[in-house]
Amino acid sequence: MSTKTTVWLSPSATSFSCLCEPCLEVARSSGALFADALAAARVHGEIARDVEATVARCVGGHEIVLLRSARPPGLQYPDERQLQLA
Ligand SMILES: [Zn+2]
């Protein structure tokens, strides 16, 4: 069973923010409040635009594999423009 979390980045992304799935599981199974579990599992950072793939680590030391999609995001990816509508 892999403990790696894989995150796909859009071609123009220069930063990332995601949740470490193993940390989320640990926090939830320990009885933490969901909001606390989310905060504990949050991983974010920056990535240079010409970097195609890299590995980040959460505070718990789990690997977060960051991969940049070569093509424009398909339907399975959230639309960043929609997220910015407020
Ligand atoms: Zn983790």
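Trainee: What makes E1, E5 and E4 an open sheet with mixed pairing?

Mentor: In this predicted model, where local features need pLDDT of at least 70, side-chain atom pairs count only at pLDDT 80 or more, and totals for chains, interfaces and linings use all residues, 3 strands form an open sheet in the order E1-E5-E4. The edge strands are E1 and E4, since each pairs on one side only. Neighbouring strands of this sheet are turned by 25° against each other on average, direction ignored, with axes taken as lines fitted to C-alpha atoms (for helices over the stretch in contact) and angles running from 0 to 180 degrees between N-to-C directions.

Trainee: What joins E4 to E5, and in which direction do they run?

Mentor: Strand E4 (residues 53-57) is joined to E5 by 5 bridges, and the two run antiparallel; Val 55 has Val 65 in E5 as its bridge partner, while Ala 56 stands opposite Ile 64 in E5. E4 and E5 form a hairpin with 5 residues between them, and Gly 61 in the turn has a positive phi of about 90°.

Trainee: Why is E4 said to lie largely in the open?

Mentor: A residue is buried if 20 or more other C-beta atoms, placed from the backbone, lie within 10 Å of its own, exposed if 12 or fewer, and partly exposed in between. Of the 5 residues of E4, the number buried is 0, so the strand lies largely in the open. Over the 86 residues in the chain, buried residues make up 14%.

Trainee: What makes up the secondary structure of the chain?

Mentor: There are 3 helices and 5 strands, counted as DSSP runs numbered from the N terminus, with helices (H or I) of at least four residues and strands (E) of at least two. From the N terminus on, the elements run β-β-α-α-β-β-β-α.

Terms used
Residues numbered from 1 in each chain as written. Pairing = 2+ DSSP bridges.
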